Amino acid sequence: MSHTLGARQAQKLKTRRALLDAGLRLLEDQSLSSLGLREVTRVVGVAPAAFYRHFRDMSDLGVALVEESLGSLHAMVRVILAEQDGDEERIDATVEAVAEHVRRYPAHVRFIARERHGGVRPVREAIAAELARFTDEAAEAFAPQLTGEGGWSPEDVRMLAQLYVDHMVMTAAAFLEAQTEDPGAGDSEAVRRVAATARRQLLLISLGRHHWRTA
């Protein structure tokens, strides 16, 4: 009996994974609001009724894609914020982490960029919540450096963290566009320009941080 239950659970997870993959693939060319449930199940080769064993509706599938799309980037940048000491080292590591994330997960980045301001409210809210959590993590990493001798208020620390998060999302979208222009080149001139601009922008934010005084 336990073997049968284990096989059923494995099949259920496999089908759920297939639905997510199919949805993400179909969303490369359209928005979530225009994607139909039957279109996804047709690609996977299951009956529409099987979809509801895994997701309540298409927006529920979209929320699952949000969690998957942003989860790995959370982990990477958290390590960068914790381990890099100098401003330039942290900036270089951050830009490279974002570039690598886009290289590895272009469909996820495209999905977030499109749906962040898209027409499916639960997905918009899920993206906003994940980015807010990301901001909280960045603020927690910055706080020990800024709230002591720096005299920063918690509100200003979070404002700085929000700047970094917004910049990372913007940079990811720029990397995606550059890679789309020249998909055969992993380090094309367009990609190098995006990286150079991102570094300069982060350096500007960093310089401003050192001269900021809490009102």
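Let me start with a definition: contact means heavy atoms within 4.5 Å. With that in hand, consider Phe175, which touches Val95, Val98, Ala99, Val102, Val191, Val194 and Ala195, residues up to four places away in sequence being left out.

Before going further, a word on conventions. This is a predicted model, in which local features need pLDDT of at least 70 and side-chain atom pairs count only at pLDDT 80 or more, while totals for chains, interfaces and linings use all residues. Residues are numbered from 1 along each chain as its sequence is written, and side-chain values use heavy atoms, with hydrogens and water left out.

Now the overall fold. The protein chain has 9 helices and 0 strands; both kinds of element are DSSP runs numbered from the N terminus, helices being H or I of at least four residues and strands E of at least two. The pattern along the sequence is accordingly written α-α-α-α-α-α-α-α-α. Of the 215 residues in the protein chain, 42% are buried. Here buried means under 20% relative accessible area, exposed means over 50%, and partly exposed lies in between, with a 1.4 Å probe and protein chains only. Among contacts between residues at least 6 apart in sequence, 65% join residues at least 24 apart.

I turn to the interior. In soluble globular proteins, nonpolar side chains tend to be buried together. By nonpolar core I mean a set of buried Ala, Val, Leu, Ile, Met, Phe, Trp, Tyr and Cys residues joined through side-chain atoms within 4.5 Å. The largest such core in this model has 58 residues, and Val66, Phe111, Val123, Phe142 and Phe175 have the most contacts inside it. Two or more residues each come from α1 (2–26), α2 (37–44), α4 (58–83), α5 (87–104), α6 (106–115), α7 (121–146), α8 (154–181) and α9 (189–210). Which helix gives the most to this core? That helix is α8, with 10 residues.

A cavity is defined on a 1 Å grid over the protein atoms alone, as a set of points where a 1.4 Å probe fits but cannot get out, and lining residues have an atom within 4 Å of a point. Grid points are joined across faces, edges and corners, and a volume is the space filled by probe spheres set on the points. The structure holds 3 cavities of 30 Å³ or more.

The largest cavity contains about 120 Å³ of space. Its lining includes Ser69, Leu70, His101, His108, Met168 and Ala172, and α4, α6 and α8 each supply at least two of the lining residues. For classes, Ala, Val, Leu, Ile, Met, Phe, Trp, Tyr, Cys and Pro count as nonpolar, Asp, Glu, Lys and Arg as charged, and the others, Gly among them, as polar. By that scheme, the lining of the largest cavity has 9 nonpolar, 3 polar and no charged residues.

The second largest cavity has a volume of about 80 Å³. It is lined by 11 residues, of which Arg90, Ile91, Thr94, Phe142 and Tyr164 are the closest to its centre. Helix α5 provides the largest share of this lining, 4 residues, and the lining divides into 6 nonpolar, 2 polar and 3 charged residues.

That brings me to ring pairs. Rings of Phe, Tyr and Trp (its six-membered ring) pair if their centres lie within 6.5 Å; planes under 30 degrees apart count as stacked, over 60 as edge-to-face and the rest as tilted. A search of the whole structure finds 4 aromatic pairs. One of them joins Phe51 and Phe55, tilted, at 5.6 Å centre to centre with 45° between the planes. Both Phe51 and Phe55 are buried. Phe142 and Tyr164 also form a tilted pair, at 5.1 Å centre to centre and 45° between the planes. Phe142 lies in helix α7 and Tyr164 in helix α8, so this pair ties together parts that are 22 residues apart in sequence. Phe142 is buried at 1% relative accessible area, and Tyr164 is buried at 7%. Finally on this subject, ring pairs link Phe51, Tyr52 and Phe55 into a cluster.

How values were computed: 1 Å grid on protein atoms, 1.4 Å probe; cavity = no way out; pocket = protein on both sides within 12 Å on 5 of 7 lines; lining within 4 Å.
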